[in-house]
Amino acid sequence: MTTTIAIASGKGGVGKTTIAVNLSLSLALQNKETLLLDADLGMANSHILLGINPKTSLEDFMSGNSSLDNVITNTKDKLKFISGGSAINNLLNLGDLERHKIIQSFNNIKKRPEYMIIDVGAGAEASSMSFMASSDKVIIVLTGEPTSFIDAYSLIKAAFLDYKINNYGIIINMALNEMQAKLNFNKFQSITQKFLDINLKFLGHVCNSQRIRNSIISRSPLITKNTKNTDTQYFYNISNQLSTLDINKTGTIRFFDN
């Protein structure tokens with residue numbers, strides 16, 4: 001059985017893709033079959049952080065030139081990856097039926113992973129909301145900045161009202177330390193739960209780090225088979241909390257639904 005987890009954010013620039021890529025790698029390097037889907041369609045950049053240049057993407061599948069199995073790229077650290085393409089207009093403007101085709105097609109891949117991490121586009125766009133609603137679990141990445149709080153709240157409100165998504169994991173990124181991260185989570189939780197009947201769970205934090213910034217600049221993953229340090233440990237700690245996050249039952253079409 002596959003657990004699907006959407007990684008979302010209210011706005012760009014909060015490190016959502018960095019979280020998605022390194023969390024996926026942390027799972028794969030713990031010998032958990034993991035597939036990372038870059039669902040930031042048309043503006044995909046997970047491959048940049050992975051340091052790879054896939055020859056195929058979802059564009060090849062949607063155009064009928066390739067099966068979904070054939071657009072899966074194997075990375076050097078056991079992680080399987082599907083690229084969302086880059087600045088391709090017909091992926092940027094997918095309709096509901098085309099998104100449903102992508103979601104349903106995962107029923108037909110030859111080997112189902114234990115985990116599929118879905119890096120969805122930032123904000124409450126239709127595409128992002130659709131992929132969130134089709135996932136078992138939803139994680140929101142935010143920072144301690146007021147704009148991040150406001151936009152994350154707007155995303156959660158829209159997802160709750162439109163799709164009845166009521167369980168969310170929260171990761172605080174770019175924190176000064178664990179204490180500050182928990183304070184920011186508590187503040188966000190008190191604001192959000194005052195107005196919405198939802199459940200928020202603190203899954204962990206990632207501190208501001210030059211090592212993480214360097215990994216982004218150098219186009220090489222922070223987490224590798226032979227790398228262990230305080231920064232990689234953030235992601236392993238978060239991966240150990242994933243099973244504690246409740247599943248959403250939205251009643252909509254879902255990945256791996258049979």
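In this predicted model, the largest nonpolar core has 49 residues, and F106, I140 and Y168 touch the most other members. Helix α7 (residues 146–163) gives the most to this core, namely seven residues. A second, separate core comprises 32 residues, including V21, L36, F235 and L242. In soluble globular proteins, nonpolar side chains tend to be buried together.

Leaving out residues up to four places away in sequence, Y168 touches V138, I140, I156, A159, F160, I198, N199, L200, K201 and L245.

**The sheet**

Eight strands form an open sheet with mixed pairing, in the order β3-β4-β2-β5-β1-β6-β7-β8. Its edge strands are β3 (72–74) and β8 (199–207), each of which pairs on one side only. On average, neighbouring strands of the sheet are turned by 25 degrees against each other, direction ignored.

Within the sheet, β6 (residues 137–142) and β7 (residues 167–175) pair in the parallel sense, over four bridges. V141 has I171 in β7 as its bridge partner. Strands of a sheet pair through backbone hydrogen bonds, either parallel or antiparallel.

**Helices across the sheet**

| Helix | Strands crossed | Angle |

S148 is buried, because its relative accessible area of 2% is under the 20% cut-off. Apart from neighbours within four places in sequence, S148 is in contact with K11, V14, L142 and T143.

**The contact of α1 with α10**

The axes of α1 (residues 16–28) and α10 (residues 230–239) come within 9 Å and cross at roughly 75 degrees. Angles of 65 to 115 degrees count as roughly perpendicular, and α1 and α10 are therefore roughly perpendicular to each other. On the α1 side, the residues that meet α10 are T18, I19, N22, L23, S26 and L27. Their counterparts in α10 are F235, Y236, I238 and S239. The residues of this contact divide into six nonpolar, four polar and no charged. F235, which belongs to this contact, is also one of the residues of the second core.

Key: Residues are numbered from 1 along each chain as its sequence is written. This is a predicted model: local features need pLDDT of at least 70, side-chain atom pairs count only at pLDDT 80 or more; totals for chains, interfaces and linings use all residues. Side-chain values use heavy atoms; hydrogens and water are left out. Axes are lines fitted to C-alpha atoms, for helices over the stretch in contact, and angles run from 0 to 180 degrees between N-to-C directions. Helices (H or I, at least four residues) and strands (E, at least two) are DSSP runs, numbered from the N terminus. Angles under 35 degrees count as roughly parallel, over 145 as roughly antiparallel, 65 to 115 as roughly perpendicular and the rest as oblique. Contact means heavy atoms within 4.5 Å. Ala, Val, Leu, Ile, Met, Phe, Trp, Tyr, Cys and Pro count as nonpolar, Asp, Glu, Lys and Arg as charged, and the others, Gly among them, as polar. A nonpolar core is a set of buried Ala, Val, Leu, Ile, Met, Phe, Trp, Tyr and Cys residues joined through side-chain atoms within 4.5 Å. Buried means under 20% relative accessible area, exposed over 50%, partly exposed in between (1.4 Å probe, protein chains only). Two strands pair if DSSP finds at least two bridges between them.
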